[in-house]
There are 2 protein chains.
Amino acid sequence: MLYLAETETGANPGVVLAENGRAVRIIDQTQLPQRLVHLELSNAPSMYEAIYKLRVRGAPAIGIFAAYAMAVLANVSEEPDFAAFARSLERDAQYLESSRPTAVNLSVQLKRMSHVLRGCKTIPEAREALTAEAFAIHREDIAMNLAISEFGLTLIKSGDAVMTHCNAGPLATSRYGTGLGALLLGAERGMDLRAYTCETRPLLQGARLTAWELHNAGIPVTLICDNMASIVMSRGLVNAVFVGADRIACNGDTANKIGTSGLAILAKHYRVPFYVFAPSTTLDPHCATGADIVIEERPGEEIAEMHYTKRMAPEGINFYNPAFDVTPHELITAIITEKGKMNLDGVTQ
Amino acid sequence: MLYLAETETGANPGVVLAENGRAVRIIDQTQLPQRLVHLELSNAPSMYEAIYKLRVRGAPAIGIFAAYAMAVLANVSEEPDFAAFARSLERDAQYLESSRPTAVNLSVQLKRMSHVLRGCKTIPEAREALTAEAFAIHREDIAMNLAISEFGLTLIKSGDAVMTHCNAGPLATSRYGTGLGALLLGAERGMDLRAYTCETRPLLQGARLTAWELHNAGIPVTLICDNMASIVMSRGLVNAVFVGADRIACNGDTANKIGTSGLAILAKHYRVPFYVFAPSTTLDPHCATGADIVIEERPGEEIAEMHYTKRMAPEGINFYNPAFDVTPHELITAIITEKGKMNLDGVTQ
């Protein structure tokens with residue numbers, strides 16, 4: 001069993017196993033972009049808290065984190081015999097699963113780790129098998145992202161600019177990411193690619209995480225407010241929109257971060273291709289159409305109050321901040337003045 | 001010459017003349033919604049600063065403010081003779097005009113006040129004439145807004161909900177406003193009207209000002225992030241979109257706060273009527289189409305940093321905070337998985 005090398009994970013992976021196998025090492029995503037803080041977590045309560053407080057976020061990243069968490073809890077266990085050791089780990093798995101019940105990867109990977117545990121007979125055997133399984137889960141995700149990114153690269157060429165929404169990069173997955181994968185892989189190969197990144201209110205994953213990841217990879221990022229996507233497309237500044245997906249219904253209807261559907265409508269209006277990137281496991285066979293997908297509603301305080309520190313975007317990126325835009329007359333039902341409806345057939349006043 | 005009564009201006013007008021005629025009294029819009037702070041301004045530098053720092057904002061409100069400012073500066077002038085008095089006032093007018101060169105109302109109303117000044121022969125005559133002219137400008141704006149609001153009321157009925165963007169209410173104009181006028185006038189008449197208010201990044205005029213004005217008028221407000229407009233329309237939660245306008249080209253193309261064009265595209269997609277409300281003077285005869293309208297670009301810091309205090313919305317309003325939305329498959333060019341393009345013709349995996 002070999003640790004994942006940096007050539008596999010890329011620099012600064014969001015989730016890895018500590019060298020001694022006795023801690024999960026994560027980037028605390030709530031501290032970005034102001035501070036790059038690494039945390040080493042060795043007990044179940046701190047792991048639960050990391051998921052619950054979004055220190056580790058993104059469904060695939062949470063799944064990888066949970067797998068490493070089970071390996072670590074096996075490695076640090078001080079239970080005297082295998083039966084007690086296994087019971088304690090199963091309790092920990094249930095506890096971690098309850099931290100965010102909606103992230104399907106969390107439950108899937110914990111079940112997979114439990115299955116491995118049940119195939120073991122001794123504590124040393126279980127420790128080795130669980131650690132190996134966690135590495136396998138991590139490697140599989142990297143391979144899946146790489147394949148998605150390769151397909152993505154067939155959709156763009158050097159010189160292109162891509163609009164992004166929320167964060168579907170390495171922090172949310174493993175290496176490369178899904179929605180950001182083609183950009184990161186293309187940049188690695190020397191392609192000239194640029195990004196227009198929607199900040200993604202209310203929690204600003206675009207401003208805080210995507211802009212940070214792309215900027216670190218040397219990709220020129222221009223950060224915009226979500227309501228600036230229309231003017232960016234109207235001026236022909238982007239060649240495509242790349243987003244991730246949280247759940248895909250059998251007819252292709254796709255649930256993703258709030259605002260995605262609006263971007264798709266704008267993209268159609270401006271004839272910009274709109275691509276969704278996701279592992280094939282994101283297809284939910286229990287959802288026939290988007291109408292079957294339940295949308296999580298979150299507290300109004302996320303809108304009313306700013307939870308982040310004053311600076312919400314990394315230093316060194318670009319901004320595009322037009323104060324106004326122009327709405328073409330054919331989109332306006334009527335212009336109402338103090339004289340009533342303005343005649344829109346031409347110069348009338 | 002009579003002062004405007006509260007029955008004319010409504011309660012808490014954003015701009016009025018102090019009772020002694022020696023100060024312009026404004027609501028400091030940068031302090032809302034956390035604090036309702038009134039300022040009394042009696043000298044040109046503080047008046048300049050109020051416009052420049054957006055303590056008073058909204059093109060019509062700035063025009064009214066500038067008119068009262070000239071009356072106040074005439075009333076407090078200590079110049080010994082009429083020639084020096086007039087020269088000093090003309091210098092003040094030029095100085096105030098330079099505070100925000102893009103707001104056309106500022107220049108128009110200052111020119112109108114200068115014209116009145118030039119028709120006078122004595123200091124007492126000028127003081128009386130300038131004060132009367134400022135009251136006239138204020139009254140004209142109120143009348144124009146009332147007429148716009150009456151037309152707006154013909155477009156909605158009791159029970160309707162309206163989506164708003166930025167702030168086109170009393171704070172930005174005089175009483176009632178343009179885009180918010182129909183809602184405020186309808187509420188005054190006992191109609192049951194509701195609003196979905198886009199927060200309007202980056203400066204949050206929707207969250208800070210529109211939500212405050214509508215909530216104070218007893219209109220139920222649901223605040224959303226700008227990227228939530230699509231899901232709100234998709235669920236049939238609004239009957240119309242009402243916005244203001246900063247400049248209208250001769251063909252009807254309309255410049256308004258960033259994000260307006262995106263709302264118009266969404267409204268067309270969801271078949272929601274999209275109405276623009278503005279004084280007829282907003283039509284710019286020098287602009288044939290929207291392509292002739294120059295768009296102001298502002299500093300990136302407005303996006304990168306949060307300039308307002310922690311709480312960005314008034315207490316007591318509603319929020320709608322869906323974390324995801326669903327993009328219909330027909331809007332998606334392709335879904336890319338690790339296996340390549342997903343077949344969108346139905347269940348294929």
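Predicted model: local features only at pLDDT ≥ 70, side-chain atom pairs only at ≥ 80, totals over all residues.
Begin by colouring chain A and chain B separately. Two copies of a chain are related by a rotation about an axis and a shift along it. Here chain A can be laid on chain B by a turn of 180 degrees, with a shift of 0.0 Å along the axis and an RMSD of 0.1 Å. The two copies are thus related as by a two-fold rotation axis, and the same surface serves both of them, since 100% of the contact residues of chain A recur in chain B.

**The interface**

Next, select the residues where the chains touch: 93 residues of chain A are in contact with 94 residues of chain B. The size of an interface is often given as the accessible area lost when the parts come together. Between chain A and chain B the buried area is about 8600 Å², and carbon and sulfur atoms give 63% of that area.

The count of salt bridges between chain A and chain B is 2. To look at a pair that spans the chains, select B:E199 and A:R201, whose side chains meet in a salt bridge at 2.6 Å, N to O.

**Around A:R201 and its counterpart**

The bond from A:R201 to A:P202 is instead cis, with omega near 5 degrees, and A:P202 is found in the loop between strand 5 (194-198) and helix 8 (205-216) of chain A. Moving to chain B, the peptide bond from B:R201 to B:P202 is cis as well, with omega near 5 degrees, and B:P202 is in the loop between strand 5 (194-198) and helix 8 (205-216) of chain B.

While in chain B, select B:Y176, a residue other than glycine with a positive phi, near 70 degrees. B:Y176 has its place in the loop between strand 4 (161-164) and helix 7 (181-188) of chain B.

**A salt bridge within chain A**

Now select A:K111 and A:E97, whose side chains meet in a salt bridge at 4.0 Å, N to O. A:K111 lies in helix 5 (residues 104-118) and A:E97 in helix 4 (residues 82-97) of chain A, so the pair ties together parts that are 14 residues apart in sequence.

**The largest cavity**

Finish inside the protein, where a search of the whole structure finds 2 cavities of 30 Å³ or more. The largest cavity holds about 210 Å³ of space; of the 19 residues that line it, the closest to its centre are A:D226, A:N227, A:L266, B:D226 and B:N227. The elements that give two or more residues to this lining are helix 9 (229-234) and helix 10 (260-270) of chain A, together with helix 9 (229-234) and helix 10 (260-270) of chain B. By type, the lining residues divide into 7 nonpolar, 10 polar and 2 charged.

Definitions and conventions
Residues numbered from 1 in each chain as written. Chains lettered and ligands numbered in written order. Heavy atoms only, no water. Least-squares fit on C-alpha atoms with pLDDT ≥ 70 in both. Contact = heavy atoms within 4.5 Å. 1 Å grid on protein atoms, 1.4 Å probe; cavity = no way out; pocket = protein on both sides within 12 Å on 5 of 7 lines; lining within 4 Å. Points joined across faces, edges and corners; volume = space filled by probe spheres on them. Helix = DSSP H or I, 4+ residues; strand = E, 2+ residues; numbered from the N terminus. Nonpolar A, V, L, I, M, F, W, Y, C, P; charged D, E, K, R; others polar. Buried area = accessible area lost by both parts, 1.4 Å probe.
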